[in-house]
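Here are my notes on this model, point by point. Please keep the structure open while you read.

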Amino acid sequence: MAAPTAYALVATDLDGTLLRSDDTLSDRSLAALARAAEAGARHLVVTGRPAPRVRPLLDALGGGGLAVCAQGAQVYDAAADRLLWSVTLDRELAETALGKIEAEVGEVYAAVDQDGVDGLTLIEPGYLMPHPTLPAVRVGRRGDLWSAPISKVLLRHPRLSDDELTETARAVVGPLATVTMSGPGTVELQPCGVTKATGLALAAEHLGLGPHQTIAFGDMPNDIPMFDWAAHGVAMANAHPELRAVADEITLSNEDDGIAVVLERLFSGA
């Protein structure tokens, strides 16, 4: 059965968007997504979290389907627990990029998400996880971060704001990596050219859907490429000003079930 609106694909970020601040899903959001599904729409999580950190949340959402993870570097099939597509960040390029950034701003603290459905999040001394509920393994020195293939590098600076660190990193990294800001305390380096939009496009194609059928929800600058790709981009009330500036619509915050408000309007006849 086709969705009764132009949107047959609902793409949602997680942190600051679909999830509340305690990493939970509200009953209202779950009911709104279920209503959209009854109308024939597909829900696709599009997140900066790597596949292993998304799996428990997908279980809460029904356990099956696809998810775009690691800022678009992974397309994960939850039902089969396998990656349909993944691209890694060259570790030598990552080290070079870090060196260029530190030459400009001084010492930064780094972490990495390893590739694969069982990849670990490794953090070097001094790095503080922006989401303390997510599991991470602390290593003894930076060199240990490069022990296995990685999907991205996460950066924090002891003094600079996220916006300042992102601006400097983009200026000096150049073609070595794509620089994104995905949340408070979360500036990231990912494979050059990889964004949420590239991963979303691959997953949508796998589902037989396109941008003109997609509504996307987000809260941070890393969601801008996804908004550019989708027919309609909805920013949360708590969204970063850069995303709000390019959004087609602004809804309530993640704490106030902003996604549910929009989906209830769109799928009221389901």
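1. Start with two helices. This is a predicted model. Helix α2 (residues 27-38) packs against helix α9 (residues 258-266) at an angle of about 30°, and their axes are 9 Å apart. Angles under 35 degrees count as roughly parallel, and α2 and α9 are therefore roughly parallel to each other. Their crossing is left-handed. On the α2 side, the contact uses Arg 28, Ser 29, Ala 32, Leu 33 and Arg 35. On the α9 side, Ala 260, Val 261, Leu 263 and Glu 264 take part. By class, the contact of α2 with α9 has five nonpolar, one polar and three charged residues.

2. Look next at how α9 is covered. Gly 258, Ile 259, Ala 260, Val 262, Leu 263 and Leu 266 of α9 are buried. The cover over the buried residues of α9 includes β1, α1, α2, β12 (214-218), β13 (232-235) and β14.

3. Is Ala 260 buried or exposed? Its relative accessible area is 0%, so Ala 260 is buried. Leaving aside neighbours within four places in sequence, Ala 260 is in contact with Arg 28, Ser 29 and Ala 32. Ala 260 and Ala 70 are 190 residues apart in sequence, and their C-alpha atoms are 24 Å apart in space.

4. Thr 17 sits in helix α1 (residues 14-18). Thr 17 is buried, at a relative accessible area of 2%. Which residues does Thr 17 touch, not counting those up to four places away in sequence? They are Phe 217, Gly 218, Asp 219, Met 236, Asn 254 and Ile 259.

5. Now the eight-stranded sheet. The sheet is open, with strand order β5-β4-β3-β2-β1-β12-β13-β14 and mixed pairing. β5 (82-86) and β14 (249-250) are the edge strands; each has a single partner strand, so one side of each is left without a neighbour in the sheet. Within this sheet, strand β3 (residues 66-69) and strand β4 (residues 74-77) run antiparallel and are joined by four bridges. Leu 66 has Asp 77 in β4 as its bridge partner. Helix α6 (residues 196-206) lies across β1 (9-12), β2 (42-46), β3, β4 and β5. α6 runs at about 165° to β3.

6. Six strands make another open sheet, in the order β8-β7-β6-β9-β11-β10, again with mixed pairing. Why do its edge strands each have an open side? β8 (137-138) and β10 (178-183) each have a single partner strand, so one side of each is left without a neighbour in the sheet. β10 pairs with strand β11 (residues 186-190) in the antiparallel sense over five bridges. In that pair, Thr 178 stands opposite Gln 190 of β11.

7. Helix α4 (residues 91-105) touches β6 (109-114), β9 (150-156) and β11. The direction of α4 makes about 15° with that of β9. Helix α5 (residues 162-173) lies across β9, β10 and β11. α5 runs at about 170° to β10.

8. Five of its six residues are buried, so β6 is largely enclosed by the rest of the structure. β6 pairs antiparallel with β9 over six bridges. It also pairs antiparallel with strand β7 (residues 121-123), over three bridges. Val 112 has a bridge partner in each: Val 153 in β9 and Leu 122 in β7. β6 and β7 form a hairpin with six residues between them. In the turn, Gly 116 has a positive phi of about 100°.

9. Finally, α4 and α5. Their axes come within 9 Å and cross at roughly 120°. The two helices are therefore oblique to each other. α4 passes α5 in a right-handed crossing. Ala 97, Lys 100, Ile 101, Glu 104 and Val 105 of α4 make the contact with Leu 165, Thr 168, Ala 169, Val 172 and Val 173 of α5. These residues divide into seven nonpolar, one polar and two charged.

Key: Residues are numbered from 1 along each chain as its sequence is written. This is a predicted model: local features need pLDDT of at least 70, side-chain atom pairs count only at pLDDT 80 or more; totals for chains, interfaces and linings use all residues. Side-chain values use heavy atoms; hydrogens and water are left out. Axes are lines fitted to C-alpha atoms, for helices over the stretch in contact, and angles run from 0 to 180 degrees between N-to-C directions. Angles under 35 degrees count as roughly parallel, over 145 as roughly antiparallel, 65 to 115 as roughly perpendicular and the rest as oblique. A crossing is left-handed if the near helix is turned anticlockwise from the far one by less than a right angle, and right-handed if clockwise. Contact means heavy atoms within 4.5 Å. Ala, Val, Leu, Ile, Met, Phe, Trp, Tyr, Cys and Pro count as nonpolar, Asp, Glu, Lys and Arg as charged, and the others, Gly among them, as polar. Two strands pair if DSSP finds at least two bridges between them. Buried means under 20% relative accessible area, exposed over 50%, partly exposed in between (1.4 Å probe, protein chains only).
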